[in-house]
Each structure stands twice: as C-alpha cells, then as structure tokens.
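Here is a short briefing on one protein model. Please keep the sequence and the 3D view open while reading.

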Amino acid sequence: TLRDADNTLIAGASHGGLAAFYTAVRHPYHFGQVAALSPSFWVGLDSAINVSLLEMAPEFLASLDTSALMVVAEETLKDFHKRPKIYLDWGLIREGGFHNKFIEERATARGREMRDLLVKNYGYRENIDLFIVEDPDGRHGEESWAERMENVLRIFIRK
C-alpha cells in the first residue's frame with residue numbers, strides 16, 4: 001500500500017462522517033482525502049433543539065462557521081499544502097422515519113452550509129478538491145451509503 005497522505009482516504013457515514021472529517025483535519029499528514037457521507041455536522045448545533053423550531057425560525061440556528069469543529073479545522077483548511085481533498089454527500093429522501101425526516105434533513109442543510117464555507121472561506125473548488133453529491137434517491141442508511149461508495153472510490157483513485 002501507499003502510506004503517504006495523498007494516497008490515504010478516511011471515510012465514514014453519519015457520525016462516522018463527522019469523525020472522518022475531524023480526523024482528516026486534525027491529522028492532515030496522514031489523511032489527504034476524506035469522504036463524509038451524510039455527515040453529522042449538525043451534532044451539537046441542532047441536536048438539542050425542538051424540531052418544530054427548525055420550520056419556524058431556521059435563521060436562529062447557530063452557524064457551522066463558528067462551531068467548535070470549524071475552529072479546530074481552520075488551520076488545516078487554510079493551508080493549501082496540507083488540507084485534504086473532501087467528498088461530501090447526503091440523500092434527499094425525507095420519508096421513512098426519524099432518520100430521514102430529521103437526521104438526513106440536517107445532514108443536507110449542514111452539508112450545504114459546509115460546502116459554502118469551504119468554497120467561500122477556504123478557496124475549495126468543486127470537482128477539483130471538493131466533491132459534492134446530493135442523491136435524489138438517498139436515505140440515511142447503510143444501503144444508500146454503500147451505493148455511493150463506488151463513486152467515492154472512483155473520485156479518489158483516479159490517478
């Protein structure tokens with residue numbers, strides 16, 4: 001195997017996606033590529049609120065930009081020489097219970113927010129060092145993530 005960061009991918013889904021992103025930005029010399037599928041960027045920001053408030057006043061939610069995650073990530077993301085290539089995805093199916101109604105909706109909202117932050121604040125470029133997939137048939141579950149993993153591997157193994 002090739003052990004350098006340019007050839008090392010860390011991946012995870014849901015809370016594992018959050019953990020993969022965190023690990024990649026904390027250890028950029030080990031992980032040069034990260035795939036976060038339906039990442040839980042919302043944890044700690046949206047997890048303690050009443051779900052009905054999201055519909056009434058989403059503008060009152062805390063910003064991902066000022067979250068503890070981004071404070072930790074900032075140094076790595078600003079450094080063009082050590083920051084990872086990033087793949088983010090989420091599903092757009094909202095029926096089928098709490099996982100799709102709330103969790104995947106929050107993964108979508110915070111994923112879009114993360115995409116915008118990475119482009120605007122850190123100079124990431126879509127389809128170059130940032131890859132975004134919104135799966136119209138995707139759900140918050142292993143079957144959907146498994147279907148999308150082939151795409152992840154195609155993106156990062158294309159040398």
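Glu-105 is partly exposed, because its relative accessible area is 26%. Here buried means under 20% relative accessible area, exposed over 50%, and partly exposed in between (1.4 Å probe, protein chains only). The model is predicted: local features need pLDDT of at least 70, side-chain atom pairs count only at pLDDT 80 or more, and totals for chains, interfaces and linings use all residues. Residues are numbered from 1 along each chain as its sequence is written, and side-chain values use heavy atoms, with hydrogens and water left out.

**Salt bridges**

- A salt bridge is a side-chain nitrogen of Lys or Arg within 4 Å of a carboxyl oxygen of Asp or Glu. The count by this rule is 12.
- Glu-105 pairs with Arg-106 in a salt bridge, with the closest N and O atoms 2.8 Å apart. Arg-106 is buried, because its relative accessible area is 6%.
- Arg-112 and Glu-134 form a salt bridge, with 2.6 Å between the closest N and O atoms. This pair links distant parts of the chain: Arg-112 is in helix H4 and Glu-134 in strand S4, 22 residues apart.
- Arg-112 counts as partly exposed at 33% relative accessibility. Glu-134 counts as partly exposed at 29%.
- Glu-150 and Arg-154 meet through their side chains in a salt bridge (2.3 Å, N to O). Both lie in helix H5, four residues apart, about one turn of the helix.

**Fold and core**

- The protein has five helices and four strands. These are DSSP runs numbered from the N terminus: helices are H or I with at least four residues, strands are E with at least two.
- The order from the N terminus is β-α-β-α-α-β-α-β-α.
- Of the 159 residues, 46% count as buried.
- The largest nonpolar core has 25 residues. Such a core is a set of buried Ala, Val, Leu, Ile, Met, Phe, Trp, Tyr and Cys residues joined through side-chain atoms within 4.5 Å.
- Phe-21, Leu-77, Ile-86, Leu-88, Met-114 and Leu-118 have the most contacts inside this core. H1 gives the most to it, with five residues.

**Individual positions**

- Asp-46 is in the loop between S2 and helix H2 (51–56). Asp-46 is buried, with a relative accessible area of 0%.
- The C-alpha atoms of Asp-46 and Ile-103 are separated by 9.8 Å, and the two residues are 57 residues apart along the chain.
- Gly-16 is in helix H1 (residues 15–26). Gly-16 counts as partly exposed, at 29% relative accessibility.
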